Amino acid sequence: MTGKQRASKLRQHQAKPLGTENSTPLDALPRDVISKIIGIVGQTSRADISNCLLTCKEIGKSVDDVQVFKRLELQMLQRQPLLAVGNYTDLMMKCLIHANPTAHYVQGVLEYFYYDNTIAGLHFLEKAANAPSPINEAIYLTGMINLCSGEFEIGKKYIDHLLRNTNESVVEECWEKIKTALHGIGILRKQEYINSLWAMMPPYMCNINDMQNTCEKCFHYKLMVKFVFMM
Ligand SMILES: [Zn+2]
């Protein structure tokens, strides 16, 4: 090999970007060792473990720690459930099996809005809403879907529960997060939603065009208007 060829080869080697190798030192460890490491890290930092599992699918396959999957915060998928379509299948499956509330929320959003499997979707959202550490957006959506499907008392119960345990600004924040989560998903405006809006119409003295001010007679109605027309 000439000096010129050697220099060219060295340049090629150096130019190779980091992270393009098929395996990392962590991948080279036996699966039960990776599982133990992830389990220990998972006890102290759920955010770190979540990032780790979302970044490297191979590591996700190695982990069998029930507590990790049960409590994993899948923030990236929570913000954008569409990312889970065709991706992170193993990770989502393990989290769903271990009743992870964020995974239930993500699956609920996808089933209800993306696949139009409304029964399965509501089932997953209810699980996320009724979990010991519930997902606020799931409580909001379960309430809205019930309200807009004519199940007024059930819907009000969820929304009022959220309001009681938080405050109006958290409820508003929930709606903003839901709009982000539903971004890119085509939403059907169902006739039953419109029918429910008519049925929930507040009395004349409530200005239905004033979305900022609400009273107890028009609060739920105005949330429904946002859900039906502003998604
Ligand atoms: Zn009012």
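Predicted model: local features only at pLDDT ≥ 70, side-chain atom pairs only at ≥ 80, totals over all residues.

Me: Which residues of α10 and α12 meet?

Reply: From α10 they are N136, E137, Y140 and L141, and from α12 they are V170, V171, C174, W175, K177, I178 and A181. Sorted by class, this contact holds eight nonpolar, one polar and two charged residues.

Me: How do you know that the span of helix α10 agrees with its number of residues?

Reply: Helix α10 covers residues 136–148, which is 13 residues, and at 1.5 Å a residue they should span 18 Å. The expected span uses one less than the number of residues. The end C-alpha atoms of α10 are 18 Å apart, so the two values agree.

Me: What makes α10 mostly covered?

Reply: A residue is buried if 20 or more other C-beta atoms lie within 10 Å of its own. In α10, twelve of the 13 residues are buried; among them are A138, Y140, M144 and C148. The buried residues of α10 pack against α8 (101–114), α9 (118–129), α11 (152–165), α12 (168–181), α13 (191–199) and α14 (219–229). In the protein, buried residues make up 31% of the 231 residues.

Me: Which residues have the most contacts inside the largest nonpolar core?

Reply: They are V106, L125, A138 and M144, in a core of 41 residues. The elements giving two or more residues to this core are α5 (66–71), α7 (89–97), α8, α9, α10, α11, α12 and α14. The largest share, eight residues, comes from α10. Leaving out residues up to four places away in sequence, V106 touches L74, L77, Q78, P81 and A84.

Me: Is A99 buried, exposed or partly exposed, and how do you know?

Reply: A99 has 15 C-beta neighbours inside 10 Å and therefore counts as partly exposed, since buried needs 20 or more and exposed needs 12 or fewer. A99 lies in the loop between α7 and α8. A99 is not a glycine, yet its phi is positive, about 55 degrees.

Me: And what makes D116 exposed?

Reply: D116 has 11 other C-beta atoms within 10 Å, and 12 or fewer counts as exposed. D116 is found in the loop between α8 and α9. Although D116 is not a glycine, its phi is positive at about 60 degrees. Positive phi is also found at G150, which follows α10 and has a value near 90 degrees.

Me: How many helices and strands does the protein have?

Reply: The protein has 14 helices and zero strands. Of the contacts with a separation of 6 or more, 57% are between residues 24 or more positions apart.

Notes
Residues numbered from 1 in each chain as written. Helix = DSSP H or I, 4+ residues; strand = E, 2+ residues; numbered from the N terminus. Contact = placed C-beta atoms within 7 Å. Core = buried A, V, L, I, M, F, W, Y, C linked by C-beta atoms within 7 Å. Nonpolar A, V, L, I, M, F, W, Y, C, P; charged D, E, K, R; others polar.
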